[in-house]
Amino acid sequence: MRNIKLTIEYDGKDFGGWQKQPNKLNIQGEIERAIKSITGEDVELIASGRTDAGVHAVGQVANFKTNSNIEIDKIPIAINSQVKNSIRIKNAEEVDLNFHSRYNCKKKTYRYIIDNSKYGTAIYRNICYHMPIKLDVEEMKKAVKYFEGEHDFKAFKSSGTSSKSSVRIIYSANAITEGDNIAIDLTGNGFLYNMVRIIAGTLLDVGLGKIKADEIPEIIESKDRNRAGKTLPPQGLMLLGVEYT
């Protein structure tokens, strides 16, 4: 028995999310189908976490167990030949049998991209959220820092979350500008359902002057979802990477 760890990139636009579900195209199911066609085995592909419909990844990590003897460097080539071009296996490595993509995860980094140009973009429209009103980026940069540390993020989760605790640690939080784009980068030990998209929506309100930067600690402390911003659409969200040490 071998345990294979995959690093995966995908464009979430055409998928109903990571998780297998009936009658919806999903990333997990597509890769499992490809693995079966290669190895003849029904495998369970375990991801570091489930991404929602429309959410992208450049560094998702997943693992599966197999009795196949296929050479490790042939695995990405073989899977990529069997899946849509919107999914790419970037790397495969054999790991300890006890390795678990979700349970062993220490940190994840997500990025939400806001396109703050006047007219938007045609080419990159599926990987960003367009806001034509000029945002106060300096205030957003101040506000995002208040999310760092250990907090109860109850005000920043959607009602569908199954997590028992809403306490999470954000190790770093930054708003980075590149041209007309504002990238909100969050690295944490875990994230609640829609947490990054709600934080991004709250920072958008800061940029629009609807919320002051120094009001963020009070909103966190309130644990009131109504005090935070709206949940921004999924296409601006991307899983950048997962860390295990």
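Let me start with a charge over a ring: Lys107 lies over the face of Tyr171, at 4.8 Å from the ring centre. The criterion is NZ of Lys or CZ of Arg within 6 Å of the ring centre and within 35 degrees of the ring normal.

A word on the source. This is a predicted model, in which local features need pLDDT of at least 70 and side-chain atom pairs count only at pLDDT 80 or more, while totals for chains, interfaces and linings use all residues. Residues are numbered from 1 along each chain as its sequence is written, and side-chain values use heavy atoms, with hydrogens and water left out.

Now the aromatic pairs. Rings of Phe, Tyr and Trp (its six-membered ring) pair if their centres lie within 6.5 Å; planes under 30 degrees apart count as stacked, over 60 as edge-to-face and the rest as tilted. Searching the whole structure gives five aromatic pairs. One of them, Tyr10 with Trp18, is tilted, at 6.1 Å centre to centre and 35° between the planes. Tyr10 and Trp18 are buried, meaning under 20% relative accessible area, where exposed is over 50% and partly exposed is in between (1.4 Å probe, protein chains only).

Tyr110 and Phe191 make an edge-to-face pair, 5.3 Å centre to centre with 85° between the planes. This pair links distant parts of the chain, 81 residues apart: Tyr110 is in strand 5 (residues 107-115), and Phe191 is in the loop between strand 9 (181-188) and helix 4 (195-207). Helices (H or I, at least four residues) and strands (E, at least two) are DSSP runs, numbered from the N terminus. Tyr110 and Phe191 are both buried. Separately, Phe147, Phe153 and Phe156 form one aromatic cluster.

Next, helix 1. Asn26 caps its N-terminal end, with a side-chain oxygen 2.6 Å from the backbone nitrogen of Gly29. The buried residues of helix 1 include Ile27, Ile31, Ala34 and Ile35. Among the elements covering the buried residues of helix 1 are strand 1 (2-10) and helix 2 (75-80); contact here means heavy atoms within 4.5 Å. Just after helix 1, Gly40 has a positive phi of about 80°.

Last, what is the place of Arg197? Arg197 is in helix 4. Buried or exposed? Arg197 counts as buried because its relative accessible area is 11%. Leaving out residues up to four places away in sequence, Arg197 touches Asp52, Tyr112, Lys230, Thr231, Leu232, Pro233, Pro234 and Leu237.

Technical notes:
A polar contact is a pair of N or O atoms within 3.5 Å; within protein, one must be able to donate a hydrogen and the other to accept it, and residues adjacent in sequence count only if both atoms are side-chain atoms.
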